[in-house]
Amino acid sequence: MKKLLLTCTDSMMMQFMVPHVTYLTEQGFQVDLACSDVRNRMDEVRKTFRDNPAVTVQCVDLYRNPFKIGNLKGLGQLRKIVKKGNYDIVWTNEPVMGLMTRLAAARNRRNGLKVMYMAHGFHFFNGAPKRNWCIYYPVEWFMSWFTDLLLVINREDCDCAQKRMKAKKVTYLKGIGIDTQKFRSVSIDRKKFRESIGIPEEDFIYLSVGELEDRKNHAFTIRAFAQMNAPDSHLIIAGTGSQEMQLKELASELNVEDRVHFLGYRRDIGALCKASDVFVFSSRQEGLPVAVMEAMACGLPVVATRIRGTVDEIDDGKGGFLIEQGDTESLVNRMKLLHEDGALRRKLGTYNQEKASEFDISLIREQLYEEIQELTGTFA
């Protein structure tokens, strides 16, 4: 039996990794999990795998902030875990966890341990602040020397990794995977669901999903929505974050507070998509946004900012429209166009639903497993 150590935050584990862990154990792997408790979800992680004897769960003291002195404690914990685990492969994710795990595993690579790092979007990218290039790029470059397989999830990062990084191998995957059939098959009573969120059945809904933080740039969408001056339209935003009050104040200042709905954290994104007419995504920075994939799988047309990640998902003019950061006029025009043209909405949504199959969990899971097999010398 091959042994694998998977490290990530508790949040990433619960959001994305559970299907991959389960699949690996079904293929005969012993999987040990080492997660940092950044969202207070460690009990949820333990509960998820408590009936799977091939999975063990440990908590390590790491933080999202790379400058926290407490990360040194987590590094020590990871070194002990790697030293005692006798692993064949380590699969690590996210910047801080990826850094600390690769440092912890560096010596053991001399004894045959393979290290796989999945970058879910480098913090340095075209248009990123110089600070990001000065801080994050040198760290990722240095750590790539201690990486046997570097997995990237968008074309821009792939190009950067192949040209600049020193990992033994770079592989491009289309994300971490979503269950497209799950989103395709969501069925709701549209009238009742809309009533539950306070919106009439006949009105038009723009949906946006993402944390209420500056990076997601919800203010851009709210301003464009206000400029549309379409009284039969609503903007619903699913997510939580530090900018909630600020965004609510902005909606009030623009006199659209009665038509901009903040729904908080939601577990029914598929139902929200089915109840909506257009998906709007105005983020400044992404790796490969899952929210966009989910909207595509539900058959929604998408208007998104032209950034790394969205350009890998949305074919401009076929599945929706890509607009430049800060181009409010273009965002307003595209939102209006989709409001007025039902046939176009259906055409773009159908295209997206077909393209979403490229990001299906079954394909990504198989590709990941093949890479792990090859890395551990068990490729059939």
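A cavity is a set of points, on a 1 Å grid over the protein atoms alone, where a 1.4 Å probe fits but cannot get out, and its lining residues have an atom within 4 Å of a point. The model is predicted: local features need pLDDT of at least 70, side-chain atom pairs count only at pLDDT 80 or more, and totals for chains, interfaces and linings use all residues. Residues are numbered from 1 along each chain as its sequence is written, and side-chain values use heavy atoms, with hydrogens and water left out.

Figure 1. The lining consists of His20, Tyr23, Leu24, Trp91, Arg365, Leu368, Tyr369 and Ile372. Helices α1 (10-26) and α16 (361-376) each contribute at least two of the lining residues, and α16 gives the largest share, four residues. Helices (H or I, at least four residues) and strands (E, at least two) are DSSP runs, numbered from the N terminus.

**Figure 2. Lining of the second largest cavity.** Arg102, Tyr117, Phe122, Glu140, Ser144, Leu150 and Met165 form its lining. By class, four of these residues are nonpolar, one is polar and two are charged; Ala, Val, Leu, Ile, Met, Phe, Trp, Tyr, Cys and Pro count as nonpolar, Asp, Glu, Lys and Arg as charged, and the others, Gly among them, as polar.

**Figure 3. The open sheet.** Seven strands are arranged in the order β3-β2-β1-β4-β5-β6-β7, with parallel pairing; two strands pair if DSSP finds at least two bridges between them. The edge strands, β3 (55-60) and β7 (169-172), each pair on one side only. From one strand to the next, the twist averages 20°. Axes are lines fitted to C-alpha atoms, for helices over the stretch in contact, and angles run from 0 to 180 degrees between N-to-C directions.

**Figure 4. Strands β1 and β4 with helices on the sheet.** Strands β1 (residues 3-9) and β4 (residues 89-93) run parallel and are joined by four bridges. Leu4 stands opposite Ile89 of β4. Helix α1 packs on the sheet, touching β1, β2 (30-36), β3 and β4 (contact: heavy atoms within 4.5 Å), and its direction makes about 165° with that of β1. Helix α2 (residues 42-49) lies across β2 and β3, at about 170° to β3.

Technical notes
On a 1 Å grid over the protein atoms alone, a cavity is a set of points where a 1.4 Å probe fits but cannot get out, and a pocket is an open set with protein on both sides within 12 Å along at least five of seven lines; lining residues have an atom within 4 Å of a point.
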